[in-house]
Amino acid sequence: MKVNEVLKLKATDLNHNGYGVARHNNLVVFVPYLLKNEEANVKIISVKKNYSFGVIDKITKPSKDRVEPVCKHYYECGGCSLLHLNYEAQLKHKLDSAQRTLKKLGNIDLEIKDIYGKDQYHYRNKVQMFYSQDKQIYSGFYQEQTHDVFKLEECYLQTKTASKISVTLDKILNKYQVPIYNEKTKAGLLRAILIRNNQKGEYVVVLISKEDKINNLDRIVKELVKEHPEIIQVHLNVNSKSTNVILGSKTKELYFKKKFIEEIFDLKFELNYNSFFQINYDVMLMLYKEIVDKVKNLKIKKAIDAYCGVGTISLLLSKYVSEVIGIEVVFEAIKNADNNKKINNIKNAKFILGKTEEKLLSINNIDLLVVDPPRKGLEDSLIDTIKQKEIKHIIYVSCNEATLARDLGLLKDEYNIKEIKAFDMFPNTNSLECLAYLERKPKAK
């Protein structure tokens with residue numbers, strides 16, 4: 001096998017990145033956009049010791065599950081990876097992939113019961129876009145595996161209104177010739193934009209700049225809000241560092257009409273522009289209903305909500321437990337959580353600032369632990385503490401089935417894994433949200 005060689009290949013599977021998996025002389029070839037059971041002429045672009053990569057030259061036998069991507073940017077943008085696969089087949093692929101991962105990394109044979117999904121398009125309530133400049137200023141996403149921005153004309157993940165806001169702002173920025181930040185030269189000011197919305201159709205816009213002074217900023221904001229009265233807040237975030245981190249630590253308010261409130265069931269949550277919140281509202285409701293329904297029947301006295309963020313799960317559970325304690329390492333999130341407790345007049349919840357693996361050590365008589373960690377999963381020290389505390393019930397929410405499989409594998413000697421369910425929080429991408437319920441094994445007599 002050589003680079004630039006064209007081979008006739010058939011994909012026998014999809015991997016966790018959504019690449020077609022084919023074989024030639026026992027060597028695995030990964031082919032983006034090639035679907036399971038499809039045959040194609042594939043041009044080899046990279047050859048490694050144990051595998052290689054190819055690109056489709058021509059599909060000779062298409063899959064029945066192949067669809068024409070609805071977005072014109074699909075093959076240049078890295079935001080979606082499964083838009084060429086019909087939605088039912090996407091769900092099946094994700095379920096199969098998660099099942100294999102659980103077996104391979106955690107030696108877990110338990111079948112994932114269900115996968116829940118809803119709307120395939122326009123589900124994201126938060127989006128970040130970047131600025132670039134050719135003859136005109138424009139916003140968009142990075143092309144796949146680059147920091148080259150393409151001009152965004154449509155997006156089927158974010159809301160239609162978010163796209164319209166970004167297009168309007170592009171026009172205003174061109175009118176006032178705002179200097180755009182250049183990653184290579186470090187010249188210019190405006191770097192990116194963050195837009196988030198709630199279910200009422202209200203929007204918060206955050207401009208991210210290298211410095212806190214931009215000429216004509218008041219006029220820019222005034223014209224933007226006039227064109228889009230659904231905008232209730234505009235902020236300027238300052239990030240002067242040369243870093244891949246988008247947001248800086250300093251922010252100033254440019255426009256404020258009202259607080260940004262989101263509702264979950266019968267509770268209200270005030271959010272900052274950078275507060276963690278699930279990006280797919282409808283699937284989030286399915287996930288949280290599953291958690292609440294489970295806890296309703298457990299007769300819990302003391303519950304811990306680890307990585308609690310702004311207190312969503314904590315406050316939702318407060319109605320069904322005697323006491324709930326949320327733990328979070330981000331100071332602003334704890335402030336949000338305490339405020340949300342007051343907004344909803346909840347008395348049996350409290351929030352602690354700190355690392356879960358440290359704070360959990362001093363809390364006794366825990367009946368239920370809910371964990372919703374970042375993609376890296378649970379720290380070894382936290383798993384040790386969980387075992388030591390002999391917590392009876394665990395609900396594990398995960399956005400990474402690989403680290404979920406690893407952690408469940410480490411807990412399964414002490415815990416029965418009762419059920420696992422999947423939630424398609426991120427349609428058209430490879431990501432999947434999972435919910436696992438664990439119960440402490442009785443002590444041997």
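Strand pairs, sheet edges and a helix face

Me: Valine 29 stands opposite serine 52 in strand 6. What makes strand 4 and strand 6 a pair in this predicted model?
Reply: Pairing requires at least two bridges. Three bridges join strand 4 (residues 27–31) to strand 6, so the two strands pair, and they run parallel.

Me: How do you know that strand 5 pairs with strand 6?
Reply: Eight bridges join strand 5 to strand 6 (residues 51–61), against a requirement of at least two, so they count as a pair. These strands run antiparallel, and serine 46 stands opposite phenylalanine 53. Three residues lie between strand 5 and strand 6, which form a hairpin.

Me: What joins strand 1 to strand 5?
Reply: Five bridges join strand 1 (residues 6–10) to strand 5 (residues 39–47), and the two run antiparallel. Lysine 10 stands opposite glutamate 39 in strand 5.

Me: What is the order of the six strands in the open sheet?
Reply: The order is 1-5-6-4-3-2, with mixed pairing. Strand 1 and strand 2 (13–14) are its edge strands, since each pairs on one side only.

Me: Which strands stand at the edges of the eight-strand sheet, and why are they called edges?
Reply: That open sheet has the order 7-21-22-20-19-16-17-18, also with mixed pairing. Strand 7 (115–116) and strand 18 each have a single partner strand, so one side of each is without a neighbour in the sheet.

Me: How many bridges join strand 16 to strand 17?
Reply: Six bridges join strand 16 (residues 300–306) to strand 17, and the two run parallel. Alanine 306 has isoleucine 327 of strand 17 as its bridge partner.

Me: How do you know that the span of helix 6 agrees with its number of residues?
Reply: Helix 6 (residues 331–343) has 13 residues, which at 1.5 Å a residue should span 18 Å; the end C-alpha atoms are 19 Å apart, so the two agree.

Me: Which residues of helix 6 are buried?
Reply: Ala333, Ile334, Asn336, Ala337, Asn340 and Lys341 are buried, that is, under 20% relative accessible area. Down the axis of helix 6, the buried residues fall within an arc of 160°, so they line one face of the helix.

Me: What do the buried residues of helix 6 pack against?
Reply: They pack against strand 15 (267–270), helix 5 (312–317), strand 17 (321–328) and strand 18 (349–353). Just after helix 6, asparagine 345 has a positive phi of about 55°.

Me: Which strands does helix 9 lie across?
Reply: Helix 9 (residues 401–411) lies across strand 20 (393–398), strand 21 (415–423) and strand 22 (433–440), and runs at about 160° to strand 20.

Note on methods: Residues numbered from 1 in each chain as written. Predicted model: local features only at pLDDT ≥ 70, side-chain atom pairs only at ≥ 80, totals over all residues. Heavy atoms only, no water. Helix = DSSP H or I, 4+ residues; strand = E, 2+ residues; numbered from the N terminus. Expected span 1.5 Å × (residues − 1). Buried < 20%, exposed > 50% of the residue type's maximum accessible area, 1.4 Å probe, protein only. Arc of directions from axis to C-beta. Contact = heavy atoms within 4.5 Å. Axes fitted to C-alpha atoms, helices over the stretch in contact; angles between N-to-C directions.
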